[in-house]
Amino acid sequence: MFSGIVGEAATVVALKKEQGNLHLTLSCSFTDELKIDQSVAHNGVCLTVVSIEEGAYTVTAIQETLDRSNLGLLKVGDKVNLERSMVMNGRLDGHIVQGHVDQTARCTAVEEADGSWYYTFVYDFDKKKAREGYMTVEKGSVTVNGVSLTVCNSKDDSFQVAIIPYTHEHTNFHQITVGSVVNLEFDIIGKYISRMMKYSD
């Protein structure tokens with residue numbers, strides 16, 4: 001489980017395709033603290049550390065993950081948002097994040113707003129999925145590339161988020177431009193409520 005509070009943006013140092021899988025090797029400041037089998041969120045995708053050597057570590061994304069996320073679009077040198085799994089006696093500074101990306105979205109606008117930025121994202125809208133909680137709500141929570149954010153200007157197939165300078169600098173938001181593809185995880189609480197309402201009297 002995660003909270004959507006990114007620790008840092010790691011650098012992709014190697015990519016290796018093996019059948020339907022993609023092995024991603026990354027370098028970050030806490031590589032030496034990682035252990036094999038630990039879970040780390042990468043752009044919001046929970047992946048397991050499978051090897052550690054020479055200051056870098058490797059995780060593997062299966063085809064299902066590549067189909068639902070932007071990990072298959074990564075190139076060597078790209079920045080990836082990292083979050084280590086929550087410590088259960090710690091603070092929940094963001095919101096409850098599973099690390100299970102629902103789908104991708106595309107950035108359609110970036111507007112500077114006197115020191116901060118507004119990003120607009122558009123995603124494929126499916127009415128059936130929306131009834132199951134796969135949507136945004138005004139002032140609700142959404143995870144974009146692993147970052148817990150508050151939704152504004154929520155519409156059926158789009159929403160905006162406001163990014164403060166700290167988040168812009170310490171995550172890969174500074175690399176997101178119009179046309180960039182990002183990962184979305186909708187709020188799990190909304191999904192549960194939508195599911196339970198199907199069986200209410």
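**A tour of pockets, a cavity and salt bridges**

Start with the largest pocket: 14 residues line it, and Leu74, Asp78, Gln175, Ser180 and Val181 lie nearest its centre. Select those five residues first. Keep in mind that this is a predicted model. The volume of the largest pocket is about 280 Å³. Colour its lining by class and you get five nonpolar, six polar and three charged residues.

Stay on Asp78. Is aspartate 78 buried or exposed? Aspartate 78 is buried, because its relative accessible area is 18%, under the 20% limit. Lysine 75 and aspartate 78 form a salt bridge, with their closest N and O atoms 3.8 Å apart. Lysine 75 has a relative accessible area of 53%, so lysine 75 is exposed.

Next, go to the second largest pocket, with a volume of about 230 Å³. Select Gly4, Ile5, Val147, Ser148 and Thr167, the closest to its centre among 13 lining residues. Then show strand E10 (147-150), strand E11 (158-163) and helix H3 (165-170), which each give two or more residues to this lining. The lining of the second largest pocket has eight nonpolar residues, five polar and no charged.

How many cavities of 30 Å³ or more does a search of the whole structure find? The search finds one. The largest cavity holds about 40 Å³ of space. By class, the cavity lining counts five nonpolar, three polar and one charged.

Follow E6 to Arg84. Arginine 84 forms a salt bridge with glutamate 33, and their closest N and O atoms are 2.8 Å apart. This pair links distant parts of the chain, 51 residues apart: glutamate 33 sits in the loop between strand E2 (21-27) and strand E3 (39-42), and arginine 84 in strand E6. Arginine 84 is partly exposed at 31% relative accessible area.

Then select Glu64 and Arg68. They form a salt bridge with closest N and O atoms 2.7 Å apart. Both sit in helix H1 (residues 63-68), four residues apart, so about one helical turn separates them. Glutamate 64 is partly exposed at 44%, and arginine 68 is partly exposed at 37%. The structure has four salt bridges in total.

Select Met1, Leu92, Ile96, Ile189, Tyr192, Ile193, Met196 and Met197, which make a nonpolar patch of about 820 Å². Ile96 lies in the loop between strand E6 (79-84) and strand E7 (103-113). Isoleucine 96 is partly exposed, with 31% relative accessibility.

Notes:
Residues numbered from 1 in each chain as written. Predicted model: local features only at pLDDT ≥ 70, side-chain atom pairs only at ≥ 80, totals over all residues. Heavy atoms only, no water. 1 Å grid on protein atoms, 1.4 Å probe; cavity = no way out; pocket = protein on both sides within 12 Å on 5 of 7 lines; lining within 4 Å. Points joined across faces, edges and corners; volume = space filled by probe spheres on them. Nonpolar A, V, L, I, M, F, W, Y, C, P; charged D, E, K, R; others polar. Patch = residues over 30% accessible without salt bridge, like charges linked within 9 Å, V, L, I, M, F, W, Y side chains within 5 Å. Areas by Shrake-Rupley, 256 points an atom, 1.4 Å probe, with all protein chains shown as cover. Salt bridge = Lys/Arg side-chain N within 4 Å of Asp/Glu carboxyl O. Buried < 20%, exposed > 50% of the residue type's maximum accessible area, 1.4 Å probe, protein only.
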